[in-house]
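Subject: Structure for your review

Dear colleague,

Please find below the structure that I am handing over to you. My findings follow it.

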Protein chains: 2
Amino acid sequence: MSEKTVRIVIIGGVAGGASAATRARRCNEHAEIILLEKDEHVSFANCGLPYHIGGEIADRAKLLVATRELLQKRFRLDVRTRHEAVKINRGQKTVTVQCIADGSTYEQPYDKLILSPGAAPFVPSMDGTETAKGVFTLRNIADMDRICAAVTSSTDKKAVVIGAGFIGLEMVEQLVRRGFQVSLAELLPQVLPPMDPEMVVPIQEDLRNRGIQVELGDGIRRIVTSTDNAATGVELTSGKILTGSIVILGLGVRPNTRLAVDAGLQLGKTGGITTNQYLQTSDPDIYAAGDACEYVYGPTGESMRIPLAGPANRAGRLAGQHAATGQCDSTSPVMGTAIVRVFELTAAMTGLSQKAAKRCGLNARSVTIVAGQHAGYFPGASPITLKLLYATDTGKVLGAQAIGRDGVDKRIDVIATAMAFGATVRQLCGLDLAYAPPYGSAKDPVHQAAFTACNQIDGFGELLDPDSDLTSMQVVDVRTAAEVSKNPLAGCSDAINIPVDELRSRLTELDPTRSTVVSCGVGIRGHVAQRILMQKGFRKVANLSGGATIRARAAGPKQA
Amino acid sequence: MSEKTVRIVIIGGVAGGASAATRARRCNEHAEIILLEKDEHVSFANCGLPYHIGGEIADRAKLLVATRELLQKRFRLDVRTRHEAVKINRGQKTVTVQCIADGSTYEQPYDKLILSPGAAPFVPSMDGTETAKGVFTLRNIADMDRICAAVTSSTDKKAVVIGAGFIGLEMVEQLVRRGFQVSLAELLPQVLPPMDPEMVVPIQEDLRNRGIQVELGDGIRRIVTSTDNAATGVELTSGKILTGSIVILGLGVRPNTRLAVDAGLQLGKTGGITTNQYLQTSDPDIYAAGDACEYVYGPTGESMRIPLAGPANRAGRLAGQHAATGQCDSTSPVMGTAIVRVFELTAAMTGLSQKAAKRCGLNARSVTIVAGQHAGYFPGASPITLKLLYATDTGKVLGAQAIGRDGVDKRIDVIATAMAFGATVRQLCGLDLAYAPPYGSAKDPVHQAAFTACNQIDGFGELLDPDSDLTSMQVVDVRTAAEVSKNPLAGCSDAINIPVDELRSRLTELDPTRSTVVSCGVGIRGHVAQRILMQKGFRKVANLSGGATIRARAAGPKQA
């Protein structure tokens with residue numbers, strides 16, 4: 001084969017496939033490029049699907065980003081929709097393709113094959129799930145159309161969302177937008193399972209304040225159906241019944257690896273197709289990109305599945321180039337940066353959560369700060385809660401999570417960028433970020449978190465985890481009496497209240513020989529108080545990380 | 001002296017001084033810390049001053065961030081406002097201080113001295129400037145109060161702003177907010193002189209569309225006054241008269257280095273006080289932070305003045321720690337990251353502009369892209385123009401500039417962060433940034449700019465600067481005929497219009513032996529067309545950087 005006339009076959013248009021195809025064409029005008037897609041739409045904005053259901057993206061056509069016509073005209077791609085690859089024959093270098101329209105099959109030869117089969121929503125096997133009317137998953141345009149129709153024709157205007165991950169929460173919001181009464185159940189005891197539990201408490205509270213029934217730590221047992229086999233609700237493991245004629249299952253995805261497995265391609269530990277730095281699988285003529293493959297995960301250096309659109313697009317682009325030319329840049333480690341809007345709140349993360357670090361057996365510490373997204377004196381200031389995780393021995397940043405109304409995406413992107421270069425928390429302290437009152441502060445939340453982490457590393461400001469047991473410690477609450485009475489320190493009835501500004505003159509009220517923890521609203525005054533006590537001969541003084549605010553969240557969600 | 005009881009004197013509360021003082025206290029409870037400030041307010045939000053004049057920050061008290069009382073109570077600082085340091089006596093280690101109230105002086109001993117004198121607005125010497133009523137600069141609370149009073153009592157409601165830098169543009173916006181008819185003059189032929197001229201054209205057009213008279217390339221000759229010596233306007237060098245009873249001079253600042261110079265401290269090439277990595281001046285017992293000193297500038301590694309609030313705060317913090325303990329982390333190079341809101345537009349930059357790189361004699365290239373701040377299919381998408389500058393030989397990122405309605409700050413902060421680690425454009429390609437439809441795109445503007453730069457480096461997609469002379473080249477405009485007729489390619493009447501989707505079938509209309517440039521709306525379709533022509537045997541094919549959109553800006557601002 002001449003490289004110029006290489007025949008590239010791509011399986012799956014979404015999640016990297018279209019990106020691979022268009023890059024391959026730009027790299028090689030002479031290549032034959034065949035794009036096989038089993039569905040009707042070769043490429044669409046899958047991240048936008050919930051927003052059309054809710055009407056926020058009013059025009060359905062906007063979701064069809066790269067149409068078949070555009071890909072054919074502009075990129076001279078041989079686009080074959082409703083053509084499903086059913087088998088890879090590595091020996092002959094062909095793909096067996098079935099035309100869905102008439103069921104006929106043919107052998108499609110390839111020189112280079114790119115697998116972008118994506119992933120499929122997980123559907124638990126249980127009574128009623130697969131047959132009941134009104135039960136949906138959301139992955140493609142057809143799914144979306146079905147849900148839209150059901151939403152429009154619904155008479156009870158009640159819906160149940162199972163699974164409080166990204167898609168589940170987006171669906172909750174969009175169904176509320178359509179006037180539905182929505183209940184939400186999640187097997188884990190928190191929404192947004194990839195994040196640490198105390199970080200997502202504001203979302204849980206906000207959902208409940210909006211009248212959404214949120215059941216945490218409770219899984220689905222079965223779909224409850226009427227006599228005509230239409231869903232009327234969901235029974236949870238606890239026996240609770242959530243009612244609604246529409247049930248959305250948002251239980252995560254499983255990679256579509258059957259073709260790869262049947263072809264004997266290697267899978268990794270997390271069940272995705274193994275790829276090297278050029279996205280080649282264990283067969284160098286076969287590439288994989290998107291939700292079905294594994295990438296190198298930055299924080300640990302290990303390969304894993306990271307089913308996100310950004311990495312899929314970038315991987316597709318590189319795979320397309322390598323297939324078309326035999327070379328491309330190496331892939332960059334993926335940080336798993338992700339973000340979701342839930343009504344007026346934004347939650348985002350990059351890298352490891354604290355619980356994930358624990359699962360990995362990493363020696364990690366965290367700091368949590370609460371700071372305005374921009375200057376406090378400028379109108380519209382609202383708090384961001386930012387948690388920064390770092391390696392105890394090296395100070396290397398391992399991850400970050402943030403929640404707030406505004407500016408969350410910026411802070412997570414800044415930290416994700418720093419992590420790409422192996423940044424330590426100390427290096428974050430010196431970042432030169434853009435400051436004017438509408439955009440930030442001279443000391444940005446990223447700086448504040450980094451300062452706090454360095455203080456901790458240097459033994460200058462030891463922190464106590466927000467959910468620590470304070471029994472037997474001398475607890476000094478350095479807020480004003482008014483603040484304390486409004487919002488007492490959770491799980492600590494015997495805190496001594498001395499406002500920070502009076503601390504120096506009231507030291508005799510404290511016992512310097514006892515192990516002491518100071519606490520304030522979010523940790524800033526606590527740090528000042530801690531430094532005073534440390535230098536006044538107190539034996540051991542810690543500052544409660546995030547103060548009373550984060551402790552209230554760590555102590556468990558408030559009951560609605 | 002014992003380190004514990006070190007006596008630290010700090011000159012100037014704003015621009016790093018208060019930051020130094022509070023950090024010094026937290027580091028050393030036993031130190032004596034004296035904060036001298038010649039003005040009434042020891043610390044205030046100087047970046048917020050314009051917004052109070054316009055009423056956007058309604059409550060004046062909000063600007064007084066760290067009050068004298070707070071600093072005394074919480075940090076046990078000896079705050080002496082209206083006490084001016086008039087001389088540093090290095091031999092005796094004292095500062096001569098004058099009490100402004102009664103004119104008396106005293107000698108204040110120090111062990112460690114921190115200079116944070118800030119900078120003063122530049123006022124050109126010319127007829128009328130210094131004595132005329134209605135002529136203002138804006139640097140402190142007193143200036144602000146004076147302008148507020150004049151604005152409130154103004155009868156003509158006309159104002160002239162001289163200087164279109166950050167403060168000048170903020171003042172234009174805030175005066176318009178107060179119902180003023182405003183005219184703006186700038187000596188250079190563009191607003192926001194630190195940025196490249198074509199980048200700021202949207203601001204110039206927006207200002208004119210709002211009815212503001214914008215005079216570029218025209219400096220101030222004199223203040224025009226009435227018989228009672230009140231300003232009635234400004235005469236420009238061209239002879240033009242701008243009328244208004246309020247004249248704001250926003251002509252930049254000059255560092256307050258007199259004390260340092262008199263004390264024989266070393267100044268750097270740009271006229272700021274020389275400091276080392278711990279902010280020590282040429283006298284190791286004297287530190288400097290803020291607008292009067294020089295920092296290491298990241299893109300060049302050279303020391304220079306960078307009068308911005310963020311670096312001042314971080315430098316103050318480090319200086320305070322070092323003065324109090326004898327050690328601190330090293331300063332990080334400063335990138336000069338800056339941002340400004342002008343009505344509904346945001347402009348920001350980090351590192352070098354292209355013109356600054358040229359002045360430095362650096363071999364640099366740039367790419368300019370126009371891309372949505374978030375997914376195009378999501379409501380509210382609006383374009384960001386992003387210009388990325390990099391070293392021709394190494395691909396190292398040297399700077400970035402961006403302008404748009406939303407999301408500008410995030411992209412500049414991401415690039416500033418990458419620059420802190422010496423990033424190359426290739427490394428930007430792999431950044432894992434947060435993507436969901438309301439926040440970004442799977443291929444973020446940062447990625448798009450980086451991809452374009454890598455294509456340029458790899459000879460895969462050579463770019464032609466937007467303002468290039470296209471005479472004698474074969475110019476192919478690959479937009480649709482409707483686009484071309486609506487917005488013809490500036491300065492090029494003989495472009496051949498072949499829409500990209502028809503290019504392959506109309507190649508015979510072009511001459512493959514001629515040097516060819518392709519152009520589209522912003523450069524994306526141009527790249528596709530370029531790749532086709534390059535591989536179809538065309539001799540030399542460049543893509544016009546930023547397409548017709550950026551060329552229109554580079555060809556000079558449209559006349560209002």
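Domain 2 and domain 4 of chain A have C-alpha centres that lie 41 Å apart. This is a predicted model, and the values below were computed from it. Chain A is divided into domain 1 (3-118 + 254-325), domain 2 (135-251), domain 3 (344-457) and domain 4 (463-554).

Chain A as a whole

The secondary structure of chain A comprises 15 helices and 30 strands. Its radius of gyration is 27 Å, close to the 24 Å that the globule rule gives for 560 residues, so chain A is as compact as a globular protein of that length. Along the principal axes, the C-alpha atoms of chain A fill a box of roughly 90 × 60 × 40 Å. Of the 560 residues in chain A, 58% are buried. Among the contacts in chain A with a separation of 6 or more, 65% are between residues 24 or more positions apart.

The interface between the chains

Contacts between the two chains involve 69 residues of chain A and 69 residues of chain B. On the side of chain A that touches chain B, at least two residues each are supplied by helix 3 (68-75), helix 8 (309-325), strand 21 (338-342), helix 10 (408-420), helix 11 (425-429) and helix 14 (524-535) of chain A. Helix 10 of chain A gives the largest share of that side, with 9 residues. Sorted by class, the side of chain A that touches chain B has 38 nonpolar, 11 polar and 20 charged residues.

Two sheets in chain B

Strand 21 of chain B runs antiparallel to strand 22 (residues 345-351) of chain B, and 5 bridges join the two. Within this pairing, Val342(B) has Leu345(B), in strand 22 of chain B, as its bridge partner.

Another open sheet of chain B has 5 strands in the order 26-30-29-27-28, and here the pairing is parallel. Strand 26 (463-464) and strand 28 (496-497) of chain B are the edge strands, each pairing on one side only. Strand 26 of chain B pairs with strand 30 (residues 540-544) of chain B over 2 bridges, in the parallel sense. Leu463(B) has Asn543(B), in strand 30 of chain B, as its bridge partner. Helix 14 (residues 524-535) of chain B packs on this sheet and touches strand 27 (474-477), strand 29 (515-519) and strand 30 of chain B. The direction of helix 14 of chain B makes about 180 degrees with that of strand 30 of chain B.

Individual residues

Gln174(A) is found in helix 5 (residues 166-177) of chain A. With 24 other C-beta atoms within 10 Å, Gln174(A) is buried. Leaving aside residues up to four places away in sequence, Gln174(A) touches Pro50(A), Tyr51(A), Ile53(A), Gly54(A) and Glu56(A). Gln174(A) and His52(A) are 122 residues apart along the chain, and their C-alpha atoms are separated by 8.4 Å.

Two residues of chain A deserve a note on their backbone angles. Arg82(A) is not a glycine but has a positive phi of about 55 degrees. Arg82(A) is placed in the loop between strand 3 (78-81) and strand 4 (83-89) of chain A, and it counts as partly exposed, with 16 C-beta neighbours inside 10 Å. Ser472(A), also not a glycine, has a positive phi of about 80 degrees. The loop between strand 26 (463-464) and strand 27 (474-477) of chain A holds Ser472(A), which counts as exposed with 8 C-beta neighbours inside 10 Å.

In chain B, Arg258(B) is found in helix 7 (residues 258-262). Arg258(B) has 12 C-beta neighbours inside 10 Å and therefore counts as exposed. From C-alpha to C-alpha, Arg258(B) and Ala423(B) are 39 Å apart in space, and they are 165 residues apart in sequence.

With kind regards

Methods
Residues numbered from 1 in each chain as written. Chains lettered and ligands numbered in written order. Predicted model: local features only at pLDDT ≥ 70, side-chain atom pairs only at ≥ 80, totals over all residues. Contact = placed C-beta atoms within 7 Å. Helix = DSSP H or I, 4+ residues; strand = E, 2+ residues; numbered from the N terminus. Nonpolar A, V, L, I, M, F, W, Y, C, P; charged D, E, K, R; others polar. Rg over C-alpha atoms; globule rule 2.2 N^0.38 Å. Buried ≥ 20, exposed ≤ 12 C-beta atoms within 10 Å, placed from the backbone. Pairing = 2+ DSSP bridges. Domains from an automatic or database assignment. Axes fitted to C-alpha atoms, helices over the stretch in contact; angles between N-to-C directions.
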